[in-house]
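This report concerns charged side chains and the contacts between them. Please view the sequence and the model together while reading.

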Amino acid sequence: MVERTGLRSTSPHDGARLAAIGTYIPPRRLSNLERAAHFDLDAEFLRKRLGVLERSVKEPSEVTSDLCLRAFDDLTKKTRIDLDVVRLVCVVTQNPDRRIPHVAAILHHKLGMPKSCMTFDVSHGCAGYPHAVAIVSSLLDTFGFRDALLFTGDPYSDFVDPEDKTTALIFSDAATVSYISRDRPGYVLIDGDFGTVPGSSTCLDDHDGRLFMDGRLVFSNAAREVPPSVQRVLARNALTTADVGCFFLHPGSKYVVDFLRGTLSLPPEKVPFVIEGYGNTISSSIPLTIEEHLRRASTPPPARVVMSGFGVGFTWGTTLMEYRTQRSKNDE
């Protein structure tokens, strides 16, 4: 029997499951190929280092809740959602519609949901999705809620300086919504590893209303912290990388994902990288990758997956998830 510590779920086989993901990527695209020469870059750099050829950009009048509603529309095309029994709405964003109220309350109103529903936002960036999955799963298991909606939405196009070489060709707009339920098949949270590097909060910052990124510091933090985080989660659960079907690493860039994949000795087929056509969508990047990978796969969902987000803070969040097909007896 392996002793398991840290943030491991106390009821991993009975808990809330990530059952479905709705997505919205704005159809409008800006070409990096057309902008590369402006920054003395070429197509090879875009393909092999950045990994982004086009960026998705919302309409100027759209706000975070608009993008989230479109993601919800997509979710309803994939699975049945009874909003009357959804007890929790969480939105991961650092770009709310306005200072108050929180975006989750705006969505609650626009969706016409009942008063029995908890609503809150999580102010987080590229590591926000693993953090929020842990928070929402824990709340569902603690209070016995059946269903929750976990939105992500960070339209950075209003925040990025188009003349900033370090950010202008990377970040883009999108939204997702994850349907987390104790009553459906899906991925249940098994374990998690989270952290914040002391004194690193300025590596991604707001400089007079524009995004600032110290790319070297972000990369060095990711290179130092993410592989040990993944290994800690696996070791606590007596697993190796061979026991995990897929690793969803935040696609900060192709270079950083390739570096992390190499450090962890993972084959390319286990680390999907799918952002070439729309860019780095911050908190939406991991759920977008999960949804696209599972939708395209010709085989059943892998039994175990790991997701790891990292960035603003500098923070990271790594979770181990296992697929469950049936409700457990403890859920009856």
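The model is predicted: local features need pLDDT of at least 70, side-chain atom pairs count only at pLDDT 80 or more, and totals for chains, interfaces and linings use all residues. Residues are numbered from 1 along each chain as its sequence is written, and side-chain values use heavy atoms, with hydrogens and water left out.

A search of the whole structure finds 19 salt bridges, a salt bridge being a side-chain nitrogen of Lys or Arg within 4 Å of a carboxyl oxygen of Asp or Glu. Among them are the pairs in the table.

| Salt bridge | N to O distance |
|---|---|
| Glu62 and Arg70 | 3.4 Å |
| Arg261 and Asp258 | 3.7 Å |
| Arg304 and Glu322 | 3.0 Å |

Arg261 and Asp258 stand 3 residues apart in helix α7 (residues 254–263), a separation of about one helical turn. Helices (H or I, at least four residues) and strands (E, at least two) are DSSP runs, numbered from the N terminus. Asp258 is partly exposed, its relative accessible area being 27%.

The side chains of Arg304 and Glu322 also meet in a salt bridge. Because Arg304 belongs to strand β12 (residues 304–311) and Glu322 to strand β13 (residues 315–324), this pair ties together parts that are 18 residues apart in sequence. Arg304 is partly exposed at 25% relative accessible area, while Glu322 is buried at 13%.

Definitions and conventions: Buried means under 20% relative accessible area, exposed over 50%, partly exposed in between (1.4 Å probe, protein chains only).
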